[in-house]
Amino acid sequence: MNSSRSEVLILGGGVIGLASALFLLKAGARVRVLEQGSPGCGSSHGNCGTITPSHAPPLTMPGVVGMALRSMLSADAPLYLNPRFDGPRLRWLLGFARHCNWRDFAAAATARAAILQRSRRLLAELVREEGLDCEFAEEGELYVYRTARKLAADEREHVAVLERCGIEVQRLRGGQVEAMEPALKPGVVGGLYHPGDARLRPDRYAAELARRVVELGGVIESGARIERFDTGQGRIDTVHSSRGAFQGERVVLALGAWSPLLAKQLDLRLPMQPGKGYSLTYARPARAPRHALVLREASVCVTTWRNGYRLGSTMEFSGYAEGLNRTRLDALRRGAATGLHEPEGPELQEEWWGWRPMSVDEIPIIGPSTRWSNLLLATAHGMLGVSMSAATGELVAAMLAGAPAAIDATPYAPARFRL
C-alpha cells in the first residue's frame, strides 16, 4: 500500500486500533494505522495484562462520588481526585455523578459483561490461530481479602452483579486461598476466584498484534502525530499528521485517552476524562504468585510472567497532567507488602504511568458517528482496553462491512451522546 489513501484509516495504534486493524485485514480490507508514538506505547504498555470478565461491574456505583471527593485529602488513596480546579474534569465528574445510580449501574454492568465475555473467548482463539507470543495463560484471577468486612461487602455487591451476568465466581475460605497461593502472607480471611479470567503480557500482545497487521498487508505509520482534519459534505476527507497527509474511505478513531482532544477538531464533545494509572515492573521474584491477584484492601493488582512481575492499579483523576506521582507508586509498594512475602522483585525494571480513556457512563464508545458519515469511533474502554480489544476489533470490522454483529452493539453506540 504505497498510496496515501486507504480503504480504512485507523487513528491510534494501541490494542484497540491494532485489534481493529487485524480483524479488518482478516475480512479483506486495506488498512493503514496512524500512531503518534510506536504501536502499543500508551496505556496498552504498562497495565497489568489481566483479561477480566470479572471487572464487569462499573465504577459508577452509588456512593463512589462521595468516596472520590473524600480522596482529595489523601493523595495515596486507590481512587484519587486531584483537588485543583479543571473545568472539563468538573463537567465530566458531574456527568459521571448522574450515572451513579442503580439503574445505570446495572445497565453498564450488562453491557460491559457482554463485550468482556465475547472478547475473552475471542482472545483465546486469536492467540492460538494467529500464533501470538504474549504469555497468554488461562489461570483465572484471585481476589484476596484480609478483613471480613471487605469480603462481605464484595460478596454482597460484586458477586451478585457477576452472577446476574452469568460470570462464574468461586467463594474460598482463607486456608484455601493460602494453599492456592504460597506467595501470600498468613492472615487471609477469604477469597473470590474468577476462573474465567486470564492474563497476558500487554506489551508483547500489542507487539504481536502489530506484527500480524503488517504480515497481513496492513501499514503502520509510527511517529504520525495527528495535527488537523480536512472535512467537507459531512465527511472526513484528509487527516494531516506529522508524517504527511492521509485519506481513508472510512476512518476509525481509536485514540484512547487522546480521543476527546482530537475529536474537538471535528466538533465532537466526547464525554471522557483520562484516568491515570501506575505500575511497577520487576524481574520475577523467587516466591512469585501463581495466579493474577487483586489485593482488595490495598486495591493492588499483581501479575506474574515468565521473566517479569508487575504491581499496578490505582485511579487518579488529574486531567492531562503528565509524569509519575511518587506518592502513588509508594502506595503500590506498601499495598503489596501487606499481602506478599516478596512484594518486589530483585530488580526494578520500569516505573510507568499512563492515561486510561474513561467514559462518563463507564461503557465504551463504539460505532458510527452521527455527525460524520465515514467516521466510526472505538474508544473509552477505561481500564479494560486489553480485555475488550478482541471483541471491539470484531465489532468494528462487522460494522464497516455492514455484517451482523456477534453481540448487541446498541449500548456502545456514539448516538447516546449525540456524537
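1. In this predicted model, helix 5 passes helix 9 in a left-handed crossing. The residues that make the contact are L123, L126 and E130 on the side of helix 5, and Y205, L209, R211 and R212 on the side of helix 9. Sorted by class, the contact of helix 5 with helix 9 has four nonpolar and three charged residues, with no polar ones.

2. As to the geometry of this pair, helix 5 (residues 102-130) and helix 9 (residues 202-215) pack with their axes 12 Å apart and at an angle of about 55°. That angle makes helix 5 oblique to helix 9, because angles from 65 to 115 degrees would count as roughly perpendicular and those under 35 as roughly parallel.

3. Turning to strand 5 (residues 141-145), five of its five residues are buried, so the strand is largely enclosed by the rest of the structure. Both of its faces are covered, with E141, Y143 and Y145 buried on one side and L142 and V144 buried on the other.

4. Strand 5 pairs with strand 7 (residues 190-194) in the antiparallel sense, over five bridges, and within strand 7 the residue that stands opposite L142 is Y193.

5. Strand 5 also pairs with strand 14 (residues 292-295), here in the parallel sense and over four bridges; in strand 14, V294 is the bridge partner of Y143.

Key:
Residues are numbered from 1 along each chain as its sequence is written. This is a predicted model: local features need pLDDT of at least 70, side-chain atom pairs count only at pLDDT 80 or more; totals for chains, interfaces and linings use all residues. Side-chain values use heavy atoms; hydrogens and water are left out. Buried means under 20% relative accessible area, exposed over 50%, partly exposed in between (1.4 Å probe, protein chains only). Helices (H or I, at least four residues) and strands (E, at least two) are DSSP runs, numbered from the N terminus. Two strands pair if DSSP finds at least two bridges between them. Axes are lines fitted to C-alpha atoms, for helices over the stretch in contact, and angles run from 0 to 180 degrees between N-to-C directions. Angles under 35 degrees count as roughly parallel, over 145 as roughly antiparallel, 65 to 115 as roughly perpendicular and the rest as oblique. A crossing is left-handed if the near helix is turned anticlockwise from the far one by less than a right angle, and right-handed if clockwise. Contact means heavy atoms within 4.5 Å. Ala, Val, Leu, Ile, Met, Phe, Trp, Tyr, Cys and Pro count as nonpolar, Asp, Glu, Lys and Arg as charged, and the others, Gly among them, as polar.
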